[in-house]
Amino acid sequence: MEHRNPTSELIQNHRSIRRFKADPVPDEMLEDIIHSAQWAPTSHNVQAYTIISVTDPDVRNSLEKWCGPQRYVGSAPVFLVFTADFHKHEIISREQGTAFEMAESENVLVGAVDAALAAQNAFITAKSYGLGGVMIGGIRNRPYDVARLLDLPTYTFPVMGMCLGFPEHLPGQKPRFPLSGVRHENKYEEQRIRSALPVFETSTRNYYENRPSNPKSQSWAEQMASYLAAPRRPQMTDFLKDQGFTLK
Ligand SMILES: Cc1cc2nc3c(=O)[nH]c(=O)nc-3n(C[C@H](O)[C@H](O)[C@H](O)COP(=O)(O)O)c2cc1C
């Protein structure tokens, strides 16, 4: 028997949406989406995130430029910034007169994971309302400028942005790595990766060659090799340190 249900189907029907209808997202809908974000599990109940909904057109314009430029950052009906946030914890520690130990890189992981779990909860809830969207790592391209523009205090950093709106059309789904290469048992089974790679090579090459918009002759392997051949955002290390995460 096939094990699928409406929630798993909703999740497995995922594709990033980058073109939106002009229809606004009702505020109560957005409120419910952000409420869902809050119901993600959170490391040690730290709830180490804050979600900023950017509605000011000037701020959106700057973010559109700095994130790429990425057109949909400026034009999507909703743009959220998920920030890792230990600022509120700093306030508490000061008030309680206790030490505030933020040096470990562990805290960066905790904040990033918390924000990402909240973001995915928001994303799925948005989808359940018929919305679609795309997450935006470009928010970390110019972290100092973003922090200044959004008044981000110390002990916070932007993790990702998220565009949301009603989809203008549904693009095809990008293939995923074969399940047989993702699900291992009891230990890391290298052979599963080796067997899955050529299968994925074929499915991704087919996908990129046959997709209606921006077709290209490339596979996932080629894409990843070139993506990982150069540093991505070296500025993040200094930025995190300046935000109080000294990465000890
Ligand atoms: C944390 C994160 C950051 C991302 N940043 C961007 C981005 O800046 N711009 C963009 O167009 N897509 C971005 N994406 C979307 C990915 O490119 C996309 O999820 C991936 O190519 C798989 O395609 P799919 O989501 O359509 O299945 C991001 C996704 C994640 C999870």
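## A partly exposed aspartate and its patch

Aspartate 32 has a relative accessible area of 31% and is therefore partly exposed (buried is under 20%, exposed over 50%, partly exposed in between, with a 1.4 Å probe and protein chains only). This residue belongs to helix 2, residues 27–38 (helices are DSSP runs of H or I with at least four residues, numbered from the N terminus).

Together with Asp27, Glu28 and Glu31, Asp32 forms a negative surface patch. Such patches take residues with over 30% relative accessible area and no salt bridge, like charges being joined within 9 Å; a salt bridge is a side-chain nitrogen of Lys or Arg within 4 Å of a carboxyl oxygen of Asp or Glu.

## Basis of the model

The model is predicted: local features need pLDDT of at least 70, side-chain atom pairs count only at pLDDT 80 or more, and totals for chains, interfaces and linings use all residues. Residues are numbered from 1 along each chain as its sequence is written, and side-chain values use heavy atoms, without hydrogens and water.

## Backbone features in loops

Glycine 68 and proline 69 are joined by a cis peptide bond with omega of about 15°. Proline 69 sits in the loop between helix 3 (57–66) and helix 4 (71–75).

Asparagine 186 has a positive phi of about 70° and lies between helix 8 (179–182) and helix 9 (190–210). Its relative accessibility is 80%, so asparagine 186 counts as exposed.

## Domains

An automatic or database assignment gives domain 1 (15–172) and domain 2 (173–230). Their centres, taken over C-alpha atoms, are 28 Å apart.

Conventions:
Patches are made of residues with over 30% relative accessible area and no salt bridge: like charges are joined within 9 Å, nonpolar side chains (Val, Leu, Ile, Met, Phe, Trp, Tyr) within 5 Å. Accessible areas come from the Shrake-Rupley method with a 1.4 Å probe; for residues, only the protein chains shown count as cover. Lys and Arg count as positive and Asp and Glu as negative; His and the chain ends are not counted. The place of a charge is taken as NZ of Lys, CZ of Arg, CG of Asp or CD of Glu. Helices (H or I, at least four residues) and strands (E, at least two) are DSSP runs, numbered from the N terminus.
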